[in-house]
Amino acid sequence: MGTLDLQLSLSAKHVTLPAVAGSADALLLAKLAAQRKPLVVFTETAGHAQRLHDEIKWFAPSLSVHLLPDWETLPYDQFSPHQDLISERL
């Protein structure tokens with residue numbers, strides 16, 4: 001098994017990573033986070049964010065990984081997000 005070698009410029013503000021299969025994205029992000037702290041990752045869906053959160057914690061237990069859950073409301077909704085979501089984000 002080969003080693004994962006990330007040659008990234010530490011001065012880069014934005015990094016685009018190659019497409020990978022399966023849980024390799026979480027491993028890649030865990031390795032990147034070990035090099036560059038803090039690291040912010042945006043995902044398309046809440047489910048994808050939860051999966052990455054869990055897998056990154058598994059690959060790198062020493063990293064501090066936080067998940068900011070979705071508000072689950074639309075911008076012009078007449079109601080507020082659930083109180084549990086607000087508390088978790090705070």
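Author: The side chain of Glu-55 makes a polar contact with the side chain of Ser-23, at 3.1 Å. A polar contact is a pair of N or O atoms within 3.5 Å; within protein, one must be able to donate a hydrogen and the other to accept it, and residues adjacent in sequence count only if both atoms are side-chain atoms. This is a predicted model, in which local features need pLDDT of at least 70 and side-chain atom pairs count only at pLDDT 80 or more, while totals for chains, interfaces and linings use all residues. Residues are numbered from 1 along each chain as its sequence is written, and side-chain values use heavy atoms, with hydrogens and water left out.

The confidence comes next. pLDDT is the predictor's confidence in each residue, from 0 to 100. The protein has a mean pLDDT of 75, with 61% of its residues at 70 or more. Confidence is highest in H2, at 90, and lowest in helix H3 (residues 83-89), at a mean of 66.

Glu-55 is found in helix H2. Helices (H or I, at least four residues) and strands (E, at least two) are DSSP runs, numbered from the N terminus. Glu-55 counts as buried because its relative accessible area is 18%; buried means under 20% relative accessible area, exposed over 50%, and partly exposed in between (1.4 Å probe, protein chains only). Leaving aside residues up to four places away in sequence, Glu-55 touches Ser-23, Asp-25 and Ala-26, where contact means heavy atoms within 4.5 Å.

The other buried residues of H2 belong in this picture. Together with Glu-55, the buried set consists of Ala-49, Leu-52, His-53 and Ile-56, and these residues pack against helix H1 (24-35). Ile-56 touches Ala-26, Leu-29, Ala-30, Leu-63 and Val-65, again not counting residues up to four places away in sequence.

Ile-56 is also one of the eight residues of the largest nonpolar core, with Ala-26, Leu-29, Ala-30, Ala-33, Leu-52, Ala-60 and Leu-63. H1 and H2 are the elements that give two or more residues to this core, and the largest share, four residues, comes from H1. A nonpolar core is a set of buried Ala, Val, Leu, Ile, Met, Phe, Trp, Tyr and Cys residues joined through side-chain atoms within 4.5 Å.

Two further residues complete the tour. Trp-58 counts as exposed because its relative accessibility is 66%, and Phe-59 counts as partly exposed, at 31%.
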